[in-house]
Amino acid sequence: MPAATRKSYHHGDLSNALIAAAIELARTGGPEAIVLREAARRVGVSPTSAYRHFANHHDLIAAVKAHAQQELTRAMRTEPVPTETGAGAQAVARLHALGRGYLRFAQTESGWFRSAFAHETPTAMSSESFRLLADALDGLVTAGVLPAARRPGAETPVWATIHGLAALLIDGPLSSLPEQARTETIAQTQQFITQALTG
């Protein structure tokens, strides 16, 4: 990048440019690829300039993680929800759609997916995607298909099941499954979750 261009950065512009570069690094390489020096090189500034905007590596990862969580949440929100007859069936359909969106994002944006949960356990307070799951489980209670006594803490086992499947599909032995087998495995896993919650 020409020196004249480098000098044109305003304080906030350079910070945003470094974040954008780090987001692209994470997209192809996951959280391990988020390196401040490499982001600075891509932007065309010195590492010293970059460190004026990010005190440490963790700060840059946090910025990328926020973006990845936003994209994950978008994928979950935009996954189509079939129209079902009855409040209970509709509540289950919504839960399943969130799971499909989660798994689709994991498979199509694996670098961002890995970055979305770097260095922190998600909670309903820190993660909007986790909050969507909590809201869907509340919807099952409201619809009368999940007993209220079984609702507390249900987010963690449901999330662990779907997240575990995601890991198997992108990094584990299920990564070689053909498309039809992936679809069937996802459907079977979601049916297992439904039975565990409502059976």
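The model is predicted, so local features need pLDDT of at least 70 and side-chain atom pairs count only at pLDDT 80 or more, while totals for chains, interfaces and linings use all residues. Residues are numbered from 1 along each chain as its sequence is written, and side-chain values use heavy atoms, with hydrogens and water left out.

**View 1. Helix α6 alongside helix α9.** Here we look at α6 (residues 87–108) and α9 (residues 155–170), whose axes come within 9 Å and cross at roughly 30°. That makes α6 roughly parallel to α9; angles under 35 degrees count as roughly parallel, over 145 as roughly antiparallel, 65 to 115 as roughly perpendicular and the rest as oblique. The crossing is right-handed, a label used when the near helix is turned clockwise from the far one by less than a right angle, with left-handed for anticlockwise. On the α6 side, the contact is made by Gly99, Tyr102, Leu103, Ala106 and Gln107. The α9 side brings in Trp159, Ile162, His163, Leu165, Ala166, Leu169 and Ile170. Sorted by class, that gives nine nonpolar, three polar and no charged residues. A few terms for this and later views: axes are lines fitted to C-alpha atoms, for helices over the stretch in contact, and angles run from 0 to 180 degrees between N-to-C directions. Helices are DSSP runs (H or I, at least four residues), as are strands (E, at least two), numbered from the N terminus. Contact means heavy atoms within 4.5 Å. As for the classes, Ala, Val, Leu, Ile, Met, Phe, Trp, Tyr, Cys and Pro count as nonpolar, Asp, Glu, Lys and Arg as charged, and the others, Gly among them, as polar.

**View 2. Helix α5 against helix α6.** These two pack at an angle of about 135°, with their axes 7 Å apart. That makes α5 oblique to α6, and the crossing is right-handed. From α5, the residues involved are Ala68, Glu71, Leu72, Ala75, Met76 and Thr78. They meet Ala97, Leu98, Gly101, Tyr102, Arg104 and Phe105 in α6. The class tally is eight nonpolar, two polar and two charged residues.

**View 3. Helix α5 against helix α8.** The axes of α5 and α8 come within 8 Å and cross at roughly 30°, so the two are roughly parallel to each other. Gln69, Leu72, Thr73, Met76 and Arg77 of α5 touch Glu128, Ser129 and Leu132 of α8. By class, this contact has three nonpolar, three polar and two charged residues.

View 4. Glu128 and Arg77 form a salt bridge, the closest N and O atoms being 2.7 Å apart. Glu128 sits in α8 (residues 128–142) and Arg77 in α5 (residues 57–78), so this pair links distant parts of the chain, 51 residues apart. Glu128 is partly exposed at 34% relative accessible area, whereas Arg77 counts as exposed at 52%. The cut-offs: buried means under 20% relative accessible area, exposed over 50%, partly exposed in between (1.4 Å probe, protein chains only). A salt bridge is a side-chain nitrogen of Lys or Arg within 4 Å of a carboxyl oxygen of Asp or Glu, and by this rule the count comes to ten.

**View 5. Asp138 paired with Arg151.** The side chains of Asp138 and Arg151 meet in a salt bridge (2.8 Å, N to O). Asp138 lies in α8 and Arg151 in the loop between α8 and α9, so the pair ties together parts that are 13 residues apart in sequence. Asp138 is partly exposed at 36%, but Arg151 counts as buried at 11%.

**View 6. The charged residues of α3.** Arg42 and Glu38 form a salt bridge at 3.2 Å, N to O. Both lie in α3 (residues 36–43), four residues apart, and are separated by about one helical turn. Arg42 has a relative accessible area of 46% and Glu38 one of 23%, making each partly exposed.

**View 7. Ala22 and its surroundings.** Ala22 lies in α2 (residues 11–29) and counts as buried, at 0% relative accessibility. Leaving aside neighbours within four places in sequence, Ala22 is in contact with Ile34, Ala39, Leu60 and Val64. The C-alpha atoms of Ala22 and Ile61 are separated by 8.1 Å, and these residues are 39 apart along the chain.
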